[in-house]
Structure formats: C-alpha cells, structure tokens
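User: I would like to go through this model term by term and ask what each label rests on.

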Number of protein chains: 2
Amino acid sequence: MVLSPFNTRLRAEVERKQSRLCLGLDLDPTRSSRLHDATLNSLREASLTIVEETWDRVWGYKLNFAFFEQFGAAGYAWLEELAAAIGERAMVIGDAKRGDIGNSARNYARCIFQHLNLDAATVNPYMGQDALEPFLADPARGAFVLCLTTNPGAEDFQRHGNDHPLYLEVAAWARALNDADNLGLVVGATHPDDLAKVRQAAPDLPFLIPGVGAQGGALEPAVACGASECPSIINVSRGIVYAGEGSLDEISAAVEDYNQRINELAQSHGL
Amino acid sequence: MVLSPFNTRLRAEVERKQSRLCLGLDLDPTRSSRLHDATLNSLREASLTIVEETWDRVWGYKLNFAFFEQFGAAGYAWLEELAAAIGERAMVIGDAKRGDIGNSARNYARCIFQHLNLDAATVNPYMGQDALEPFLADPARGAFVLCLTTNPGAEDFQRHGNDHPLYLEVAAWARALNDADNLGLVVGATHPDDLAKVRQAAPDLPFLIPGVGAQGGALEPAVACGASECPSIINVSRGIVYAGEGSLDEISAAVEDYNQRINELAQSHGL
C-alpha cells in the first residue's frame with residue numbers, strides 16, 4: 001500500500017480520531033507516579049499500559065529519544081518495543097532533534113523511519129538543507145523542523161538577526177522545501193505572540209506545538225494558529241502522564257479533558 | 001581521583017600521545033573494506049581491531065552515534081562495547097550533535113558521560129544555553145559546540161546576520177560560557193578562511209576540526225589555527241578507515257602519515 005504524503009495523513013488522523021492531541025510519553029525515573037518506580041522495567045510497563053488506555057483518543061504519541069537513551073542499549077530496546085506496540089493505532093513522532101550531514105543524516109533517518117518505523121521525526125535546522133533532506137525523502141514520513149522552542153535558551157540564537165530573525169527565516173526556508181507535503185514546524189506554545197508570525201511565514205505547514213501545560217504555554221493561541229489544511233498538533237507530556245498522582249484513571253481523564261478543550265477551541269475558531 | 005578540566009586533559013593527551021589526530025570510527029555497511037562486510041558483527045569486530053592497532057598513536061576517537069543508531073538497540077550495544085574497549089587508552093568524543101531542553105538535555109548528557117563514560121560530546125547550539133549546560137556540569141567532561149560545519153547546508157543559517165554572522169556569535173557565546181575550562185568548538189576544515197575568524201572570536205577554546213581528507217579540507221590552516229594552549233584536534237574518518245582497500249596495514253600507515261604531517265605542520269607553526 002502506498003501511503004499518502006505525511007501532511008495528508010496528519011490531517012486524516014485528526015479527522016479519524018477527532019483529536020489534535022499528541023501525548024508525549026516522557027516517563028521519568030526521578031518522578032513519583034502511581035504507574036512506575038525508577039526501574040527501566042517499571043517505566044517500560046507503564047508506557048505500554050498508557051498506550052493501551054489512550055491510543056483511541058489521541059492523534060499520536062511523541063517519543064523523546066533522550067528519555068530512552070539515558071538507559072543505553074536497554075533503553076533503545078524499550079523504544080523499539082514501544083514503537084511496535086503502538087503500531088498503526090496512532091501516529092508516532094520520533095522526537096530526536098537530530099541534525100547531521102550526509103551519511104550521518106541518512107543513518108539517523110534510517111533508524112527512525114526504517115528501523116523503528118515511526119511516522120515523523122523532529123530535526124534541528126542549524127546544519128541546513130542537506131541535513132534535512134534524508135528525512136523528507138519518503139513523502140509518507142514527515143519532518144518537524146525546530147523553529148522557535150519553549151526553553152529560555154530559545155532567546156540566545158533563534159531571534160538572531162534583528163529585522164530578519166532566524167526563526168522566521170527557518171520557517172520560510174522550511175516552507176520552500178516542502179515539495180513532498182511532508183514538512184512541519186516545531187513552535188513552542190510559550191511564545192503566543194510569535195505563533196501568528198510563524199503562521200504568516202509558513203501558511204501551509206502544520207505545527208507541532210509543545211509547551212502547553214507544565215511549561216506554561218496557553219492552549220488557545222496554540223490551537224487558533226492552526227488552519228483547517230494544516231492543523232496545530234498540540235503536544236502535552238508531563239501534564240498528562242503525571243496528572244494528579246499519575247494513576248491510569250487520572251491520565252485517562254487528562255487525555256479526555258485536553259481533547260475536549262482543544263476541540264472546543266478549534267470549533268470556536270472555525271477549524 | 002579527581003580529573004582535571006577537560007581542556008587541560010585535552011592538552012595533556014596531545015603531549016602524552018604526541019598526537020592531535022582524532023580517528024572517526026565511521027564504519028559503513030555500504031562500503032567495501034578488507035576489514036568488514038555489511039553485517040553488524042563484522043563492523044563490530046573491525047572497530048575493535050582498529051582500536052587495538054591504533055590507540056597508542058591517536059589523540060582519541062570520535063564515535064558518530066548515527067553509524068551505531070542505524071542498527072537500533074543492537075547498534076547501541078556495539079557502541080557500549082566499543083566505548084568500554086577503548087577505556088582510558090584514548091580520549092573519546094561522542095559525536096551525537098545533541099540539542100534539547102531541560103530534562104532531555106540532562107538525559108542525553110547522562111547517556112554520553114555516565115552510561116557510556118565518554119570524555120566529550122558534540123552539541124548543537126540552536127536551542128541555546130540551557131540545552132548546553134548539562135554537558136558542562138562536570139568539568140572533566142567536555143562539550144564541542146557546532147560552530148561552522150563542513151557541509152553545503154552550513155551556508156543556509158550559520159552565516160545568517162550579515163555583519164554579525166551566527167557562527168561567530170556562537171563562537172563568542174561559547175567562549176563566555178567556558179567557566180569550567182571544558183568547552184570547545186567544531187569548525188570545519190572546509191572553510192580555511194573562516195578558521196582564523198573563529199579563532200579571533202574564541203582565542204582560548206580548542207577546536208575539533210572535521211572535514212580533512214575525504215571532504216576536501218586542507219590540513220595546514222586547520223593545524224595552524226590552533227594555539228599551544230588550545231590545540232586543534234584534527235578529525236579524520238573515511239580518509240583513514242577506508243585508506244586504500246581498508247586493510248589494517250593501510251589504516252595503520254594512514255594514521256602514521258596523518259600524525260606525522262600534522263605534527264610537522266604544528267612544529268613549523270611553533271605550536
């Protein structure tokens with residue numbers, strides 16, 4: 001079966017699931033939760049349990065590779081198992097923030113798209129076009145390019161260049177590379193005033209928007225900056241997997257609550 | 001034993017080994033070589049063999065994580081085995097080009113410094129200071145920040161900002177963060193005219209210089225931009241591991257040859 005381009009699949013999945021919610025499965029051995037302790041096996045079981053409980057109500061999952069890699073090869077085996085367990089039931093973004101040249105970029109893309117069989121990856125723009133291209137080669141798989149991130153350090157370089165701030169140049173550049181309809185942008189919800197500027201620079205790219213919830217970003221501007229052809233995918237990680245005491249009931253209720261709020265906001269903005 | 005700051009260790013190792021050569025162990029299943037075929041086990045054995053042959057004549061090794069990650073968990077197990085096999089016999093740079101926020105950055109640093117016990121990592125500056133800090137927390141471990149890379153895409157953003165090009169801002173910014181004497185820069189040998197500009201912006205940081213050999217960068221400006229307090233570490237990957245037909249003798253001779261040429265150039269520049 002030949003799959004549609006990634007951005008078409010992204011929209012179809014929003015329709016099918018009636019969800020723009022991406023759940024970040026960032027399970028942290030240093031946090032307490034009803035679902036896990038600090039051991040790898042307990043984290044592993046918790047991640048699989050959360051997927052079984054939530055897959056039919058989320059657009060997809062974001063797997064931040066750092067949370068797996070901290071355990072080395074054993075963490076990578078967990079990542080492989082979790083990706084296979086999700087399978088076709090939801091979209092999966094490999095939040096690896098990779099960026100490297102030539103062969104290296106191809107190897108990273110191979111890991112994420114072939115070996116792990118994920119639907120999309122996050123990519124760092126600092127090294128330019130040839131670092132991005134291997135992630136765009138298969139139209140069915142997508143790349144979300146880091147544009148404006150949620151952290152304090154976003155101010156160090158992403159606004160570099162006064163009248164032509166780097167993050168808007170990245171947005172326009174990414175738009176120009178979207179020949180295969182499989183490119184999106186990562187724009188943090190913690191910059192509500194800038195979401196509209198990025199939308200203007202890239203009117204036809206979907207956004208992956210982290211920073212809602214624990215990081216303090218507001219939901220409304222994040223949802224509202226979407227368009228019907230390129231919806232905002234809203235990522236929530238800690239705000240869901242550590243809701244309340246982190247029990248499965250609380251996680252499930254948090255998914256329900258975020259979904260409802262996001263859908264109501266989308267509807268109120270005619271999206 | 002409390003180790004010295006990374007940049008002190010870097011200099012001491014140049015003295016001890018009489019080498020500024022970093023060998024990039026980028027073994028590629030799609031290339032033919034006398035030492036390996038396309039299987040993971042053959043690549044693994046080749047990497048261990050090359051280390052046994054070369055460790056006493058190289059400053060260190062650069063392990064590009066992409067070449068391991070393409071095999072998933074099994075590749076990570078190879079990376080763990082190889083890092084342990086090198087041990088204290090040479091410096092090891094984890095060329096992972098990581099860049100992420102908060103917890104994620106800490107998890108990546110934990111993987112590279114604690115789990116794999118490597119000496120240094122390469123880090124992407126796009127996300128700013130808080131993405132870098134976890135890599136600087138232990139003075140004995142170092143971070144090389146990507147400044148000006150060897151690939152065509154380096155032109156896309158790294159010179160952004162006309163009179164204040166981003167790569168020079170990154171260099172000055174990194175210099176200001178070098179409180180613990182454990183920070184360096186990645187500057188490609190393919191930009192010989194810019195090496196001197198980066199040196200001016202960061203007179204007291206060591207450079208890790210890729211791009212010599214297969215990528216066409218010249219050796220002399222790469223060596224000459226070093227200073228005795230912050231030598232250039234010259235990385236060669238394909239130019240050594242695929243020298244000739246890639247036999248152990250040819251690899252060994254290429255190490256010898258690069259070392260001699262680099263040392264003669266350093267001497268002729270009074271370094």
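User: Where in chain B is B:Gln18 found?

Analyst: In this predicted model, B:Gln18 is found in the loop of chain B that runs between α1 (6–17) and β1 (21–24). The backbone there has a positive phi of about 50 degrees, although B:Gln18 is not a glycine. Most residues other than glycine have a negative phi.

User: What makes A:Lys97 buried?

Analyst: A:Lys97 has 27 other C-beta atoms within 10 Å, and since the cut-off for a buried residue is 20 or more, A:Lys97 is therefore buried. A:Lys97 is found in strand β3 (residues 91–98) of chain A, and its phi is near 50 degrees, a positive value in a residue other than glycine. For chain A as a whole, buried residues make up 59% of the 271 residues.

User: How do you know that chains A and B are related by a two-fold axis?

Analyst: Chain A can be laid on chain B by a turn of 180 degrees with a shift of 0.0 Å along the axis, and the RMSD is then 0.0 Å. That is the relation of a two-fold axis. The same surface serves both copies, in that 100% of the contact residues of chain A recur in chain B.

User: Which parts of chain A touch chain B?

Analyst: The contact involves 47 residues of chain A and 47 residues of chain B. Helices that each supply at least two residues to the side of chain A that touches chain B include α4 (73–86), α5 (102–115) and α8 (166–176), and the largest share, 8 residues, comes from α5(A). By class, that side of chain A has 19 nonpolar, 18 polar and 10 charged residues.

User: Why does the radius of gyration of chain A agree with a compact globule?

Analyst: With 271 residues, a compact globule would have a radius of gyration near 18 Å, and chain A has 17 Å, which agrees. Along its principal axes, the C-alpha trace of chain A spans about 50 × 45 × 40 Å.

User: What confidence scores does the model carry?

Analyst: The model scores ipTM 0.96 and pTM 0.97, while chain A averages a pLDDT of 96, with 100% of the residues scoring at least 70.

Key
Residues are numbered from 1 along each chain as its sequence is written. Chains are lettered from A and ligands numbered from 1 in the order in which they are written. This is a predicted model: local features need pLDDT of at least 70, side-chain atom pairs count only at pLDDT 80 or more; totals for chains, interfaces and linings use all residues. Helices (H or I, at least four residues) and strands (E, at least two) are DSSP runs, numbered from the N terminus. A residue is buried if 20 or more other C-beta atoms lie within 10 Å of its own, exposed if 12 or fewer, and partly exposed in between; C-beta atoms are placed from the backbone. Copies are superposed by least squares on the C-alpha atoms of residues with pLDDT of at least 70 in both. Two residues are in contact if their C-beta atoms, placed from the backbone, lie within 7 Å. Ala, Val, Leu, Ile, Met, Phe, Trp, Tyr, Cys and Pro count as nonpolar, Asp, Glu, Lys and Arg as charged, and the others, Gly among them, as polar. pLDDT is the predictor's confidence in each residue, from 0 to 100. The radius of gyration is taken over C-alpha atoms; the globule rule is 2.2 Å times the number of residues to the power 0.38.
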